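Dear colleague,

I am passing on the structure we talked about, together with some notes on what turned up in it. Please look through the model first and then read the notes beside it.

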Amino acid sequence: MPPARKSNKLTRKELQQLKEYGQLDPLGAAGAENDLDEVISKAINRRSQGRFSAVIPVDNEKARGRGHGRGRGRSHHRGIGSDGSSRVKHALAPSSKQKKGKADAYTKLLKSLSSSTASSINQATIVSDDDEEEDDDEEEQVDVHEDESVYSSSDEEMADKGDAQKEGQAYEQVYEVDEIEQSSGESDSEDVSDGDGDAMQSADALAGSGAEKTEVYEEHDYMAGHFADDNSALMHEKLAAVTQKEYKQVPVDDPDLGTAVLFDVANGGIKPANPKPLKQKLVKPFQKLNNRDGFTGFQRGLFNWMDQYRDIVYASRTFEREDEITTAYTLHAVNHVLKSRDRERKNNVRLSKAHASGTDAGELRDRGFTRPRVLILTPFRNSAYKIVEKILKLTSADQEVNLARLSKEYGPGENEEAESKAHKRKPVDFQQTFAGNIDDSFRIGIRFQFNTVKLYADFYRADIIVASPIGLRMTTGAQKGDRKDFDFLSSIEMVVTDQCDVLLMQNWDHVTHIFDCMNRMPKKDHGCDFSRVNNWCLEGMSEYRRQTIMVSEYMTPEIQAIFNNNCRSIEGKVRFKPVMQGAIADVVAQVPQIFKKLAAKRLVTVADDRFEHFTQNVFPELQRSTANDKHTLIFVSSYYDFVRIRNYLRDKGCSFAAISEYSTRTEAMHARMSFYNGDLQFILYSERAHFYHRYPIKGIHHMVFYSLPDHPLYYSELVNLMLTSNDETASSAQLSCTAFYTKYDQLKIERIVGTRLTSQLIAGDRSQYTFA
């Protein structure tokens, strides 16, 4: 056995010595922005010869030590900690009937995705996929903690100790490889490998014959084609089309998801369902989680688009579809991580075999600069708790570390029942959004290790990161300063932004900041093995392989901007936007609703043009009307405009009150009482205040929408308040509603008056339209 190396990395001094002796090309580091560019340039220069392993050697002895795994009759892990911080499940050796059941379950799932592809899949070898996780006990990375509180050191030490014990077992004992059977006609039960001998033969064939065995995920999986180091003419054509934004827009009428527009690249067109979309170990957990044998029709359509690794914007999210949507993208995320980790383990076997036989394994590139692959952004802890719970159910790990801490910090609190009673009078969407823990500052790393899922993992050792934008912003820091650290986002391959409509009510600037920080070149190496880094990562092209999934109740210019500027997948992108019926149909108050179009000169001057029109034309008329009737509410969607109008009313000496999201309950209650009693001329009300509190403001006679709300439901709610909150002295003839808009408010207008009338209000010659 060859002697073991002490380290698989070179020190900076050794790198400098290699540079002096000509082993590092000094020209490759010309114009370097940081100390890693020299090494990265060398990797790019020599990737065709596969010589980079001479510069950053791989610790083959350690890799060989990793080539050991558990037998079929493995024992379960012991629980960590005495406080119930981990959950342990017994894992027994599956019988042949159970393996046959796995194949049957997989076939049923494929049929639910696409009946046209099920027959071809049945001819492929379906192998039991009870995977072994690659050891990742590497050197400690730069500490970026996922939460303010530090997790238990004893749990960490015991988990690492257990990992080290598993390190010493051989992959050659049990290693399962998904491969296509060259001869068809065998039953599923015969295709399922059973026993250590078959697994060793598969591993030997994989390491010895190289490309003789064709792996399913390499030939028939969209994921492999998307992340492959492809230097073909087609790949260059895709990159050129995306960088120059030369998309071919194809209208799509999806029977399950509705109307959409496909921004096609290189005539890729609409692809069929993936022949092998899931790791087989996920099939039964998914069926149990989904309470059915396969996908629903809606999930089938959504997952098929996700599995093609196209950027997706789905702007029709509803609370009725919430569970289906969340299950679909968590399944896609876990499936992506497991497939990626499986490929790394197989390449480890190749390296181990090549090292033992003294041969060259060639170039094996299967990872990025850092470990995290998936980022999921969500607004509150209650939604993050649901997502993490789904991830745990899908993985079905024998051990789940720090589970009790998750329930304590993210689960429903003790006062949830009292809060739910207080919210009973609120609308249904408010109750569903603010049920449970609504803390908006959090971040948690999830690490898959063998058959264990560790929560609260360090970001540089995590596979999936679930966080809120503000929680992640606190980690990445400001644009300048010592706390600025976002290297863990350098190799993100999938980002899911859920509930974008709620994130808009928080601070969208945090979302754009995170997108700007993703897929940048890291400033430090963080223990990276550059010989295994994908070439497109080294070339700074990671953003063109990243898949972006955005889910919202409606489309906004902010979401559209992310779609236009940050969604750059080489597979193209698709945008789902339904035909809107219009929230005006939900207005039951007999109030004439007048929509007045403002003449906006340019997009950059819209705010100034609107304010000028209000101060010169609208406000003088409001002052005259409040001489006889003071019950006027001015609704403002933007906080910037809210502050601007508040200061203007103060300068004019008006009798008014302002309710924003920063107003206390006492201030809001006093303002509402004074307004109802007629002591105030105006009440200024922001959209965020309505989102967070839904105050039932009484006594509204005149409603003025300085700007239309982003959420269409708020329009009908506020107009209906004029009827439900007034006494008998206010007749319908005394009520009025006026809304101002510009041609740049097309998306808002569409959500309120409906898709059919939008073009008439935007492009029509008239400046005023009345709905009664």
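Predicted model: local features only at pLDDT ≥ 70, side-chain atom pairs only at ≥ 80, totals over all residues.

On the side of α22 the contact is made by W508, T512 and F515, and on the side of α24 by E558, I559 and I562. By residue type, the contact of α22 with α24 divides into 4 nonpolar, 1 polar and 1 charged.

The loop between α22 (508-517) and α23 (535-538) holds K523, a residue that counts as partly exposed because its relative accessibility is 46%. K523 lies 37 residues from F486 in sequence, and the C-alpha atoms of K523 and F486 are 9.1 Å apart in space.

A second pair of helices is arranged in another way. The axes of helix α15 (residues 322-357) and helix α16 (residues 381-395) come within 10 Å and cross at roughly 55°, which makes α15 oblique to α16. The crossing in which α15 passes α16 is right-handed. To this contact α15 brings E322, D323, T326, T327, Y329, T330, L331 and V334, while α16 brings K386, I387, K390, I391, L394 and T395. The residues of the contact of α15 with α16 divide into 6 nonpolar, 4 polar and 4 charged.

K390, which is found in helix α16, deserves a separate paragraph. Its relative accessibility is 9%, so K390 counts as buried, the cut-off for that class being under 20%. The side chain of K390 is joined to that of T327 by a polar contact of 3.0 Å. Leaving aside residues up to four places away in sequence, K390 touches L289, D323, T326, T327 and T330.

For the chain as a whole, there are 31 helices and 19 strands, and 58% of the 772 residues count as buried. Among the contacts in the chain with a separation of 6 or more, 80% are accounted for by residues 24 or more positions apart.

Note on methods
Residues numbered from 1 in each chain as written. Heavy atoms only, no water. Axes fitted to C-alpha atoms, helices over the stretch in contact; angles between N-to-C directions. Helix = DSSP H or I, 4+ residues; strand = E, 2+ residues; numbered from the N terminus. Parallel < 35°, antiparallel > 145°, perpendicular 65-115°, else oblique. Left-handed = near helix turned anticlockwise from the far one by under 90°. Contact = heavy atoms within 4.5 Å. Nonpolar A, V, L, I, M, F, W, Y, C, P; charged D, E, K, R; others polar. Buried < 20%, exposed > 50% of the residue type's maximum accessible area, 1.4 Å probe, protein only. Polar contact = N/O pair within 3.5 Å; in protein donor to acceptor, adjacent residues only side chain to side chain.
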